[in-house]
Amino acid sequence: MDELRGIKRDTSSRVQAQHLMDQITEILHQKDNQRIDRAALDHFFSDMPERYLRSVSLDAAVNHFLLSTQITNDRRIVSRVDTFEDSNYIEVTFLARDAPSLFSNLCGALAAKQFNILSAQIYTSASGEAVDIFQVEVPPVFMDDIDGILTRICATMEKIMRTGERPHWSRSID
C-alpha cells in the first residue's frame, strides 16, 4: 500500500527524481538567475509521489516548485493560472499545505463561480503539500477578473484552513 501512495520508491524513481531536480535547477538558474535553495528543491521533489514525477511536464514542475516557495505559516495556499492559445479552458493550480476537505472545498469554490471543472489532478507529498490542478472552463464574464477571483478563493480557503469552519459555497465568495 505504501508503494501506491508513493512513499516507498525503487532506485529508478530516485534516479528519475534526481534527474528532474538537476533539470529544474538548470532552468531556475537560467530563469532570471534565481537563487535556488537546493534543500527545498530536494524536499519538494523527494516527497512527491512517483506518479507526480511521471505525470507533470518539466515546466509545470518548475512552476509548482516556485509556488511551493511562497507557502509560509501565514500563507497556506497559493494559486496560478495558465492559459492556452486556441483553447476553451484554463488550468488553475493550487498549492497548499494539505488540510481536511481541501480538494472538495476547492471544487465547491470553483463551482460557486460557475467554473466548469473538466478534469483535475491531485498530488499530495509525504510531507503534506498538496498540488491540485484543475482544467476549467470559465464563464466569459469572469475571465477579466480571474486573478482576483483566485485571490478571493485563496483568502476564503485560508480562513477555512485556520478555523475549520464549514463553507457555504452556494453563497458568493466575494
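Tutor: The model is predicted, so local features need pLDDT of at least 70 and side-chain atom pairs pLDDT 80 or more, while totals for chains, interfaces and linings use all residues. Residues are numbered from 1 along each chain as its sequence is written, and side-chain values use heavy atoms, with hydrogens and water left out.

Student: Why is N63 called buried?

Tutor: Buried means under 20% relative accessible area, exposed over 50%, and partly exposed in between, with a 1.4 Å probe and protein chains only. N63 has 13% relative accessibility, so N63 counts as buried. N63 lies in helix 5; helices are DSSP runs of H or I with at least four residues, numbered from the N terminus.

Student: What makes helix 5 largely enclosed by the rest of the structure?

Tutor: Nine of its 11 residues are buried, so helix 5 is largely enclosed. Among the buried residues are A60, V62 and L67.

Student: Which residues does N63 touch?

Tutor: Leaving out residues up to four places away in sequence, N63 touches K31 and R80. Contact means heavy atoms within 4.5 Å.

Student: What makes the link between the side chains of E50 and R54 a polar contact?

Tutor: A polar contact is a pair of N or O atoms within 3.5 Å; within protein, one must be able to donate a hydrogen and the other to accept it, and residues adjacent in sequence count only if both atoms are side-chain atoms. The E50 and R54 side chains are joined at 2.6 Å, so the term applies. E50 is in helix 4 (residues 50-55).

Methods:
Helices (H or I, at least four residues) and strands (E, at least two) are DSSP runs, numbered from the N terminus.
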